[in-house]
Amino acid sequence: MSEMVERVAKALYIAEIGPAIGPFDWDIDEAGEVAARNYRKMARAAIEAMREPTEAMVRAGGDVTESDAIAIATWHAMIDEAIR
């Protein structure tokens with residue numbers, strides 16, 4: 001499980017359910033495990049939807065790397081790693 005998938009899944013859960021009281025632990029029982037699986041699935045879909053950068057993102061990345069192609073390749077590599 002990717003650290004980023006887990007991070008986004010927990011953020012989605014908290015955004016929908018609200019801040020947890022006490023330590024965050026959704027794997028505590030069967031219902032929590034089902035919720036975790038569902039939120040991880042949504043997180044993966046959300047991250048995959050970001051795989052193609054917007055034109056503005058490419059321009060911003062190209063400004064830093066001095067190449068739009070390098071910016072796009074770097075972004076793809078980063079998103080691919082996030083969803084592993």
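This is a predicted model: local features need pLDDT of at least 70, side-chain atom pairs count only at pLDDT 80 or more; totals for chains, interfaces and linings use all residues.
Is Arg44 buried, exposed or something in between? Its relative accessibility is 26%, and buried would need a value under 20%, so Arg44 counts as partly exposed.

Who are its neighbours? Leaving aside residues up to four places away in sequence, Arg44 touches Val5, Ile83 and Arg84. There is also a pair to find on your screen: Arg44 and Val8 are 36 residues apart along the chain, and their C-alpha atoms are separated by 8.2 Å.

Now let's step back to the whole chain. The protein chain has four helices and zero strands. If you walk from the N terminus, the elements read α-α-α-α. How many residues does the chain have, and what share of them is buried? There are 84 residues, and 26% of them are buried. Here is another number for the fold: take the contacts with a separation of 6 or more, and 55% of them come from residues 24 or more positions apart.

Next, the helices themselves. Two packed helices are described by the angle between their axes and the distance between the axes. Let's do that for α1, which covers residues 3-17, and α2, which covers residues 30-49. Their axes come within 8 Å of each other, and the crossing angle is roughly 110°. That angle makes α1 roughly perpendicular to α2. As for handedness, α1 passes α2 in a right-handed crossing.

Which residues meet there? On the α1 side we have Met4, Val5, Glu6, Val8, Ala9, Leu12, Tyr13, Glu16 and Ile17. On the α2 side we have Tyr39, Arg40, Met42, Ala43, Arg44 and Ile47, so our opening residue Arg44 is back in the picture. Sorted by class, this contact of α1 with α2 holds 11 nonpolar residues, no polar ones and four charged ones.

Glu6 lies in α1. Is Glu6 buried or exposed? Its relative accessible area is 16%, and the cut-off for buried is under 20%, so Glu6 is buried. What does its side chain do? The side chains of Glu6 and Arg40 are joined by a polar contact of 2.6 Å.

Let's move to the other helix pair. Helix α3 spans residues 55-65 and helix α4 spans residues 68-82. Their axes come within 7 Å and cross at roughly 110°, so α3 and α4 are roughly perpendicular to each other. Their crossing is right-handed. From α3, the contact uses Met57, Val58, Arg59, Gly61, Gly62 and Thr65. From α4, it uses Asp68, Ile70, Ala71, Ile72 and Trp75. By class, that contact has six nonpolar, three polar and two charged residues.

One last stop, and it is in the loop between α3 and α4: Glu66. Most residues other than glycine have a negative phi. Glu66 is not a glycine, yet its phi is positive, at about 65°. Is Glu66 buried or exposed? With a relative accessible area of 74%, where exposed means over 50%, Glu66 is exposed.

So our tour went from partly exposed Arg44 through buried Glu6 to exposed Glu66.

Definitions and conventions. Residues are numbered from 1 along each chain as its sequence is written. Side-chain values use heavy atoms; hydrogens and water are left out. Helices (H or I, at least four residues) and strands (E, at least two) are DSSP runs, numbered from the N terminus. Buried means under 20% relative accessible area, exposed over 50%, partly exposed in between (1.4 Å probe, protein chains only). A polar contact is a pair of N or O atoms within 3.5 Å; within protein, one must be able to donate a hydrogen and the other to accept it, and residues adjacent in sequence count only if both atoms are side-chain atoms. Axes are lines fitted to C-alpha atoms, for helices over the stretch in contact, and angles run from 0 to 180 degrees between N-to-C directions. Angles under 35 degrees count as roughly parallel, over 145 as roughly antiparallel, 65 to 115 as roughly perpendicular and the rest as oblique. A crossing is left-handed if the near helix is turned anticlockwise from the far one by less than a right angle, and right-handed if clockwise. Contact means heavy atoms within 4.5 Å. Ala, Val, Leu, Ile, Met, Phe, Trp, Tyr, Cys and Pro count as nonpolar, Asp, Glu, Lys and Arg as charged, and the others, Gly among them, as polar.
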